[in-house]
Every structure is written in structure tokens, then in C-alpha cells.
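Please read it alongside the sequence and the model.

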Amino acid sequence: MRKELRPALLLFLLLSLLTGVVYPLAVSGIARLAFPGAAAGSLISHNGAVVGSALIGQTFTGAEWFHGRPSATGSGEYNGAASSGSNLGPINPGLLDTLAARAISLRAENHIVGGKLPVDLLTSSASGLDPHISPASALLQVRRIAARRGLAEAVVADLVAQHTEARQLGVLGEPRVNVLQLNLALMQLTAGARQ
């Protein structure tokens, strides 16, 4: 029995070392060389301090900020430890009630009467952590933000256009706006306008 156990144990240790230490270190090293920002978590800094990640949404409250998608991570906040969707089906009364309440709130907050609302401001993403909104969702909020910050609507709309990311490789996904990056640019614009 020892004859069979010894090679099995050595092979187990060798494969554990290879797949549990060598391979992850090699992949991490290559990623840090080839994609240093992404390998470090796509962190966003402002004034020398890390303020978030380009991959995880944040909650912004107040009329002076762009708001992201609703989060489905339990408390309504973007909680990376509780990433999940709502798991409510399209005919579930709970989902329909939630969407109706969000639509009423969105219309009231942005002074919108009638018309369609962008679906991404009503629904959460599958992970509940999506940091992006559609350009239409960002433009829907321009009037409120411009009025609150004392800026021209055209200036805020131009800021949205500057921060709209195109489809990846020209065909994958949809155009999108990272809410954290847009709000940081808005903060800098407002600070510059005050000086």
C-alpha cells in the first residue's frame, strides 16, 4: 500500500504546487505586465485617493449627481459581498410593483411627464453592481443636474458625450457611461466654474 500511496501523495503535492501557486502567480504576473490597471481592480483615483473601481457601481444621492442603476444587493446599496440579481420573474407582482415605484420616483425627481423611461434606470443588472448607465439615462438627468449646479444644460450634456464609452471592438455591448467617472468630471467642472 505504501508503494501506491507515496507516488499519489507526491503527485498531489506537485500538482497542488503547480496549480495552486505557480500558475496563479504566473497569470497574475502576466496580467500586471499586460493590463496593470485592470489587474489592480480598475481603481479610480481622485486627488491622490482611491475613490472606487470602474467595475463596481456606487450610490449617489442628491439632485446634483448622476444616479446609476438600482442595485439588487439587498440593502439597495452597491454591496460587492452580496452581489446578486433580484431573481423576480417578469410577471412577478413584486417586480411589477418595484418597477412602477421606481418609475414614479424617477419621473418626480427629473420632472418628466409622459414618455418612455430608459429601462436601465428602472431595473438592476444581473449582478446588482453595474457601474454603467446608458447615454439616454445620463441625458435624462441633465436638466435636473444643470439646474441644481447652476450650469447650462448643453455643458452637462457635453460632459455626458465626452464620457460615453463606445461598444467594445465596435460591436460588443452597447454604448455606456460610467457613473463614478462622470460624477468626478462633473465635480471638477463645477469646481472650475466657481473659480
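Which residue in β5 does E165 stand opposite? The residue opposite E165 is R176 in β5.

## Basis of the model

This is a predicted model, in which local features need pLDDT of at least 70 and side-chain atom pairs count only at pLDDT 80 or more, while totals for chains, interfaces and linings use all residues. Residues are numbered from 1 along each chain as its sequence is written, and side-chain values use heavy atoms, with hydrogens and water left out.

## The sheet

The antiparallel pairing of β4 with β5 (residues 176–178) runs over two bridges, where pairing requires at least two bridges found by DSSP.

## L18 in its helix

L18 has its place in helix α1 (residues 2–34), a helix being a DSSP run of H or I with at least four residues. With a relative accessible area of 46%, L18 is partly exposed, a class lying between buried (under 20%) and exposed (over 50%), for a 1.4 Å probe and protein chains only.

## The cavity

The largest cavity has a volume of about 30 Å³, a cavity being a set of points on a 1 Å grid over the protein atoms alone where a 1.4 Å probe fits but cannot get out. Its lining residues, which have an atom within 4 Å of a point, include G57, Y78, H132 and V179.

Conventions. 1 Å grid on protein atoms, 1.4 Å probe; cavity = no way out; pocket = protein on both sides within 12 Å on 5 of 7 lines; lining within 4 Å. Points joined across faces, edges and corners; volume = space filled by probe spheres on them.
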